[in-house]
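Dear colleague,

Please read them alongside the coordinates.

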Amino acid sequence: MNNLKKIGLTALAGSLVASTAYAGALSVSGTAAVKYQSKSGSAGTASIQGNPYSDSNGITFSGSGDLENGMTVGYSYTMTDAAFSTSNVTLDMGDSGKLAFGHDSAHGGIDTVKDKMPTAGEEVWDDHGTGDDAGVTDLGADPSLYYSGSFSGMTVSASYARTGVGTDSSFAISSSELVDGAEFGIGSGTNVTATSGTEDDMMTVYAKYTTGPVTVGAQLSEIDKTAANTDIDREAAAISFAVNESLSISYGISTVEYQDSTKVDAESTGLSASYTMGGMTLGAVANKTDSFGGASGTDREFTEVSLSFAF
């Protein structure tokens, strides 16, 4: 009996050793950061209550492995405040492009080009609102299938998601190689609203041009809704200037027009700056929106100063 036990344990040990040879490892990344944020405005929900200071609260687990056919599988999982934020599984097929599935809209479709204006910090509408309120063509973060690939100087990508009431789908095409110093792109998508199941059609186009330390850009977006007189159009422009290798500044504007005659145009402006020295980055953002969401007199302001260290 003792000999049988020894044989069994030896076989089990060999099995464990063999299996660990195929086991992957996940690395953990994060940023040490301290922020000061101040929100104010005529809407009560725009005000920060309590302490305006905070530190970084997100970590990402990631890893990858090569397959025998030369492809690479990757995985990442991000937590914010110790709660799930995003996750994705990717299959890098080399020259054939990349497939991904997960809750991370950065992998493909119209969300990758929803706001491509140059900035040293954040978009002018950021921390005031997203989606319809900001006139941004945002499909959200439903679990989706993504594809992206680069061919003949063009980058193409797409997204597809099944929701409880329908299907979200989108595509985007962009290029920064066809014209020296220029980048341009277009995106289109269909978003099914969770409450009614109706479809909103979205489209956005943008162009940027860089000469020396200066980058300028313009972007037009539209959201065509099923309900009458509810369409939304957005015009945006921005300029950034690289003062030197460490310091960059930017200024942007955004105007959201509502087809609804009871609403007025929402106008946003934003100034950002970023200073980098080694692994340290000092950033500042000052954004303001007048008539947020098309409501006259509903103004919002956002200010942020941050210090972060990458390691």
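Two strands are said to pair if DSSP finds at least two bridges between them, and the strands themselves (E, at least two residues) are DSSP runs numbered from the N terminus. This is a predicted model, in which local features need pLDDT of at least 70 and side-chain atom pairs count only at pLDDT 80 or more, whereas totals for chains, interfaces and linings use all residues. Residues are numbered from 1 along each chain as its sequence is written, and side-chain values use heavy atoms, with hydrogens and water left out.

On the strands around β3: β3 (residues 58–66) is joined to β4 (residues 72–80) by 9 bridges, and the two run antiparallel, with Ser 64 having Gly 74 in β4 as its bridge partner. The hairpin that β3 and β4 make has 5 residues between the strands, and Gly 70 there takes a positive phi near 95°. β3 is also joined to β1 (residues 27–41), again in the antiparallel sense, by 4 bridges, and Ser 27 stands opposite Ser 62 in β3.

On the strands around β12: β11 (residues 199–211) pairs with β12 antiparallel over 11 bridges, Thr 204 standing opposite Ser 221, and their hairpin has 2 residues between the strands, with Gly 212 in the turn at a positive phi of about 60°. Between β12 and β13 there are 10 bridges, also antiparallel, and here Glu 222 stands opposite Asp 233 in β13.

Those two acidic residues also belong to a patch of negative charge on the surface, together with Glu 235, Glu 257, Asp 265 and Glu 267. Patches are made of residues with over 30% relative accessible area and no salt bridge, with like charges joined within 9 Å and nonpolar side chains (Val, Leu, Ile, Met, Phe, Trp, Tyr) within 5 Å; a salt bridge is a side-chain nitrogen of Lys or Arg within 4 Å of a carboxyl oxygen of Asp or Glu. Accessible areas come from the Shrake-Rupley method with a 1.4 Å probe, and for residues only the protein chains shown count as cover. Glu 235 lies in β13 (residues 232–242) and has a relative accessible area of 44%.

A nonpolar patch on the surface consists of Tyr 36, Tyr 53, Tyr 275, Met 277, Leu 282, Val 305, Leu 307 and Phe 309, with about 730 Å² of accessible area together. The elements giving two or more residues to this patch are β15 (266–277) and β17 (300–310), and β17 provides the largest share, 3 residues.

With best regards

Key:
Lys, Arg positive; Asp, Glu negative; His and termini not counted. Charge placed at Lys NZ, Arg CZ, Asp CG, Glu CD. Buried < 20%, exposed > 50% of the residue type's maximum accessible area, 1.4 Å probe, protein only.
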